[in-house]
Structure formats: C-alpha cells, structure tokens
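My entries are in the order in which I looked.

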Amino acid sequence: MSEQTQQTKPGVVIVGAGMAGVQTAVALRAQGFTGPVTLLGAEPHQPYDRPPLSKAVLLGKAEDSAFDVAFDVDFGELRIDLRLGVEVTGVRAAERELDTGAGPVPYEVLVLATGAEPLTLPGAAGVPGVHLLRTLDDAVRLRPVLAAAHDLVVVGAGWIGAEFATAARAAGCAVTVVEAADRVLAGALPAEVAAPMARWYAEAGATLITGARVAAVEEGAVRLGDGRELPAGAVVVGIGARPATAWLDGSGIERGPDGSLTADAHLRTSLPGVYAVGDCASFPSARYGARLLVHHWDNALQGPRAVAANILAGAPVQAYDPVPYFWSEQFGRFVQYAGHHGAADTLLWRGDPAGAAWSVCWLRGDALVAVLAVGRPRDLAQGRRLIESGVPVDPARAADPAVPLKSATA
Ligand code: FAD
C-alpha cells in the first residue's frame, strides 16, 4: 500500500480479534504501516490467547490470557482501533464495506481472521451440563464444573479432549472419554503412534472408550450406540472445529468443502484486496504439495507476518509456506509436532514409546517431512530445522535416540 493510500481512511480492517487478527495488526505496525488499522472482534473481552484456556485458565492457575498483559500488546500505543463486541455479518465487496451490528464499516484492504467454531453433537445444544471449550467464557463456565469434581464425560479424544481430561483428572474428577474412531488423535496420527498415547489415559486414571458412537446426550447421562449409559455430571464435547466462515455466505469469497477460505500462496482470497489468515483459512503448500488447513497457534502467528508484508508492498511479495508447528500438554507430557506427513511417508521411532521421552520421524525419500516429539524438545527444534532445510537424512542415525537429530544427516 503506497504512503499516499496509507494516509487515506479507511485503511486496513481486520475481522476477528483472536491470535491471527491481533498479530496481523501488530505485524502491520512492526513492518512500518502507518495508515489506519481497525480490529473488529465479536467477543466482548480484551483479545486473549486460547492455548491457556485448556490448561492454566481452566484449572484457575491463571485468571486469563489477554494479549495486552501476556504479550504486552498495547493497542493504544500501536494506534489499533480495537472495537470489541462487534459481530460482522457480511461483506459487500462492490462497496468495500462490511455489515456489522454497529453499522457499516468501510475498508480499503480487508483481512479475514475469524478463526474456527467448535463442532457440536446433534441434539446436544441446549442440554443442561453440556459444554464446549473454545472461548474464555467456556473456560470460565467449566472451572466450577471441575471444582465440583463431578463424573465427567468427554466426547472426542483429540487434542482438546486430551487436554481437558488432563485438567479434569488433576482436579480430581472421574473422567470417561468417548471416541468414535478406533483410536485417539485419529485425524492426526497413525495407529502405531496413537497406541502408546492411548495408554496415558489409563495411567492418569481416565477411562477411554474408543469405537463408541454417542447416540444421545441427556441431562446427567450420555447414551452410547451400543446401549451403554454413562453417568455424566457434565459433558464436554471436543470433536473438532470448523472455520467460522458461514457469515460470508453470498459474499462471493471462495471457500472449500471444509468451509475454509481458500487463500492463495500469498494468503489472498478470491476477492481483490481481501486476505484470510489463521484457523479460518487454508493455503496451498508447495513444500508439501497439498492445501493445508492448520488449526494451531503458530500458524496464527506466522501467517499474519506474510499478510502484513503483502499489504505493505501492495503486491504479492511474501509467499506463506511454513513448516507447521504445534504443541500440546497432556497427561504430564509435552507433545510437539512439526511438519506434515502422509500415510505413504516412512515412519521411524526414536526411543521407546513406553518410556517418558520418545520421538517419531517421518521421511519422504531421504528428506525429513515431520517430527513428533514427546518430552524431547531438542528433537523437535533440530528436526524442524532439518525439515526446513530439506537436507538428506540417514534413516539409521535418525532412528538412534542417542544421536542428536541435527547430526543424523546423510
Ligand atoms: P480464533 O482464536 O478463533 O479467533 C477468531 C476470533 O474471531 C474469535 O475471537 C471470534 O469471536 C472472532 N470472530 C469470529 N467470527 C466473527 C465475526 N463474524 N465478526 C467478528 N468477530 C468474529 N494450538 C497450539 O498450537 N497449541 C495448543 O496447546 C493449543 N491449545 C488450544 C486450546 C484451546 C482450548 C483452543 C480452543 C485452541 C488451542 N490451540 C492450540 C489452537 C489455537 O489457539 C488456534 O489455532 C488459534 O487461536 C487460532 O487463532 P485465530 O485468530 O485464527 O482464531
């Protein structure tokens, strides 16, 4: 964007004041954008970080995780016009205007960062005692549930389900986790890697039931497809999330079958001057030869830097093709993953999965494409750099946990 247009209102308008929206605003200023930046967020709270919600915030060990406190983001000093409690209901591209509950908002450049919404179980919405875990309000509602040490049923053994079960066991609740797939983390990891992770549930004193369909959620009970009835003082549904893009119906902005805004390699949507970033957007990865929809924190940190660079240049100067990264804290373990693997990639174990610390590497040919590290943060850091560099890896050395991963090159 030229210096002249930077001075002309309405500047850049960002929809969604979560990690990706806030980081886009911060990156614009960090990279020297001097024009108006408006950040619109539907939630009434000061923008906050989500990962602590299923960890310290849930257990009452942290009050909240607002970006201004936790990350020192000073919206006033950065001249970010932060408008909270403002839900955007539509985009009128021809007028370059947004419809909001607080009236129309014009934009010159638009960034869509509306994140994702948790999926719900059919028939469960509105049933007393049934919870989701996505927002600060959800976490605050769940705190007294944990404190009351109810019998809890968690539906879904994904990342959120595992983290919630961890917190609920720490709070002394009886926890049963019900998973429709035949294993934990079925969407993310192959069966042989998921198997040792499933054992963590029992070790922590949680009951894990896999291959079980929920037939009905009623007040005080969850009924399974095979007729079993589980007592449930409360139910937490963690069965995944979908990009929050339904409000864009009729906008003309292209979406994929998964609901994501199908951005290009520069995070531009199908409409000129409209970018998409974070959990709501998918992008083509040349590195992995696939379109990726990443629902993790690091993606909502890195993507905005590319968006800001492209807005500032007024041209597609910075492609976004990261090595995706995320972490999870579950059952006393620090789990990290970098990269992206497919079923055809070769899997190598580093260490004994029955132990406290082990890793898994995925190779495509002789290149490392992904690494999962449990309690081995060095493997993660070194593996991530090997993935980025693409240097050939020696499989025998990579499989030896005594050899630093950075030295496992061919
Ligand atoms: P969001 O954080 O969802 O923010 C989007 C914002 O847009 C929301 O505040 C929403 O209210 C607002 N919005 C939506 N629609 C509109 C609209 N129409 N108008 C105005 N505003 C709107 N990742 C990790 O890597 N590691 C972790 O340990 C981890 N833990 C997590 C724990 C929890 C409980 C959750 C929920 C997520 C966790 N994640 C973790 C994922 C990570 O937090 C997300 O990837 C990240 O928050 C995505 O940021 P975002 O800004 O794209 O979306």
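The notes below start with the domains and end with the strands.

**Entry 1: domains.** I note at the outset that this is a predicted model. I looked up the domain bounds and found three: domain 1 covers 3-117 + 242-313, domain 2 covers 120-239, and domain 3 covers 332-407. I then took domain 2 and domain 3 as a pair; their centres, taken over C-alpha atoms, lie 29 Å apart. To their contact, domain 2 brings 11 residues and domain 3 brings 12 residues.

**Entry 2: area of the interface.** I looked up the lost accessible area, since the size of an interface is often given that way. Domain 2 and domain 3 bury about 910 Å² between them, and carbon and sulfur atoms account for 72% of this.

**Entry 3: polar links.** I searched the interface of domain 2 and domain 3 for salt bridges and got 1. I also have Glu 203 in a salt bridge with Arg 333, where the closest N and O atoms are 3.1 Å apart. For polar contacts across the interface of domain 2 and domain 3, I count 2 residue pairs, both at pLDDT 80 or more.

**Entry 4: the domain 2 side.** I asked which helices supply at least two residues each to the side of domain 2 that touches domain 3. They include α5 (159-170) and α6 (191-203). With 6 residues, α6 gives the most to that side. I sorted the residues of this side by class and got 8 nonpolar, 1 polar and 2 charged.

**Entry 5: a three-stranded sheet.** I traced an open sheet of 3 strands in the order β18-β20-β21, with mixed pairing. β18 (261-262) and β21 (290-293) are at the edges with a single partner strand each, so one side of each has no neighbour in the sheet. I then followed β20 (residues 281-285), which runs antiparallel to β21 and is joined to it by 4 bridges. In this pairing Phe 283 stands opposite Leu 292 of β21.

**Entry 6: a hairpin.** I looked at β4 (residues 88-92) and β5 (residues 97-100), which pair antiparallel over 4 bridges. Gly 90 is opposite Asp 99 in β5. The hairpin of β4 and β5 has 4 residues between the strands, and I noted a positive phi near 50 degrees at Arg 96.

Notes: Residues numbered from 1 in each chain as written. Predicted model: local features only at pLDDT ≥ 70, side-chain atom pairs only at ≥ 80, totals over all residues. Heavy atoms only, no water. Pairing = 2+ DSSP bridges. Domains from an automatic or database assignment. Contact = heavy atoms within 4.5 Å. Buried area = accessible area lost by both parts, 1.4 Å probe. Salt bridge = Lys/Arg side-chain N within 4 Å of Asp/Glu carboxyl O. Polar contact = N/O pair within 3.5 Å; in protein donor to acceptor, adjacent residues only side chain to side chain. Nonpolar A, V, L, I, M, F, W, Y, C, P; charged D, E, K, R; others polar.
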